[in-house]
Amino acid sequence: MRIRFIIPGDINTPSGGFRYDRTILEEWRALNVAFDLVSLPGSYPMPSDADKALAFSIIDECDDADITIVDGLAGGGFPELMEQVSKSAPCVSLLHHPLSLENGISKQDARFLEATERKGLNFTQAVITTSPATSKTVAELFSLDKTAIHTVEPGVTRANHIAFRDTPPLSILSVGSITQRKGHDILIKALAFLEDYPWQLTIIGPQNFDPDCVTKLNSLCSELGVAHRVTFLDSLSEEALSNEYAKADIFALASRYEGYGMAYAEAIVRGIPVVGTTAGAIPDTVPLEAGLLVCADDVDAFSNALGSMLNDTSLRQQKHLGALAVEPDFPTWSGSAKKFLEILERLL
């Protein structure tokens, strides 16, 4: 079996979706799986006419493949691509989450992306998502046969468990691209109500996706008087990021939507108590034993959850132990890569 794997842009882009693609391919390489990575330059998920023309020329020059996987960020707004690649081999869509559910886009763009993604999925033999919740959402949103939708959850990178600490100030870590969807504004507002608690916040994530959001968050920190307690770090190497997890007492991310939530999982397998939201697939990722989840966009509820975690040592220790207890339940990247392959083999 030879696989063609189509993505938009650079696979080393620091985001959860690209990390998923990159790590699955690394595992396949270790298994000696034959695949070709095809990167399409352009402004995805809404490519220009020039981007589309370039994509078709790149595809035309590709070697033959037995099956083609198209990352949803490439194919979601480009149904013509899905139609083209499906003519030479079965086509599978890898949907991290429906593009129309992205926060910060206009209603017009959301309607456009829902329509184009729906059209493109007509040319697929199957859809692979990264969580049961996303599979359910995709089936309902696009009226797809559930038997054609498969779930391959991300793996986790096993790391040393953190030791429980109760020495102030407590270190709060948040990992996620600096975009509206990640809800960093909710987190900052929530912590501003907890100024009497001893905490320090570190927010880590690429800042080039939405520079305006970065500016607004820095202004928000200054307005609320917490700038001296909040540190923003851009994308880090895997080793440096792991070191930041090792320093954390609490992981907090107020996402407005997640197709899975890899950063939550990385915290849990280290034994870090989590404060998050119930948006999208987050409840699939964060069991009650390991954290506190509240509704998205609810500053008061998020603040209360953080306050409980900061103030109640026994609660924080309980969630720490709960995270360690559920750590074995999370899949390995090797297992996820093999499951992905098994699905493709059954399709063929």
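Me: How should I read the setting of E258 and K182: are they buried or exposed?

Reply: Start with the general idea: a residue is called buried when its relative accessible area is under 20%, exposed when it is over 50%, and partly exposed in between, using a 1.4 Å probe and protein chains only. By that rule, E258 and K182 are both buried. Before we go on, note that this is a predicted model, in which local features need pLDDT of at least 70 and side-chain atom pairs count only at pLDDT 80 or more, while totals for chains, interfaces and linings use all residues. Residues are numbered from 1 along each chain as its sequence is written, and side-chain values use heavy atoms, with hydrogens and water left out.

Me: What do E258 and K182 form together, and how far apart are the closest N and O atoms?

Reply: They form a salt bridge, with the closest N and O atoms 2.7 Å apart. The term means that a side-chain nitrogen of Lys or Arg lies within 4 Å of a carboxyl oxygen of Asp or Glu. K182 sits in the loop between β7 and α7 and E258 in the loop between β10 and α10, so the bridge ties together parts that are 76 residues apart in sequence. For those labels, helices (H or I, at least four residues) and strands (E, at least two) are DSSP runs, numbered from the N terminus.

Me: Which other residue meets E258 in a salt bridge?

Reply: R181 does, at 3.7 Å from N to O. This pair is 77 residues apart, with R181 in the loop between β7 (170-175) and α7 (184-192), and E258 in the loop between β10 (250-252) and α10 (262-268). R181 and E258 are both buried.

Me: How many salt bridges does the rule give?

Reply: The count comes to 17. One of them joins E80 and K52, at 3.9 Å from N to O. That pair links helix α4 (residues 79-86), which holds E80, to helix α2 (residues 49-60), which holds K52, across 28 residues. E80 counts as partly exposed, because its relative accessibility is 33%. Salt bridges can also form a network, as they do among R19, E238, E266 and R270.

Me: Which residues of α2 and α4 meet?

Reply: Contact means heavy atoms within 4.5 Å. On the α2 side you will find K52, F56, I59 and D60, and on the α4 side E80, L81, Q84 and V85. An α-helix has 3.6 residues a turn, so residues three or four places apart point the same way.

Me: How many residues of this contact are nonpolar, polar and charged?

Reply: The contact of α2 with α4 has four nonpolar residues, one polar and three charged. In this scheme, Ala, Val, Leu, Ile, Met, Phe, Trp, Tyr, Cys and Pro are nonpolar, Asp, Glu, Lys and Arg are charged, and the others, Gly among them, are polar.

Me: How many residues of α7 are buried?

Reply: Seven of the nine are, and α7 is mostly covered. Those buried residues are H184, I186, L187, I188, A190, L191 and A192. Their cover includes β7, β8 (199-204), α8 (211-223), β9 (230-233), β10 and α12 (299-311).

Me: What is the relative accessible area of L94?

Reply: L94 has 0%, which means that it is buried. It lies in strand β4 (residues 91-95). Not counting residues up to four places away in sequence, L94 touches F5, Y20, D21, I69, V70, D71, G72, I128 and F340.

Me: Where do cis peptide bonds occur, and what is omega?

Reply: One runs from Y44 to P45, with omega near 15°. P45 is in the loop between β2 (34-40) and α2. Another joins P168 and P169, with omega about -5°, and P169 belongs to the loop between β6 and β7.

Me: What is phi of N32?

Reply: Phi of N32 is near 60°, a positive value in a residue other than glycine. N32 is in the loop between α1 (16-30) and β2, and its relative accessible area of 71% makes it exposed.
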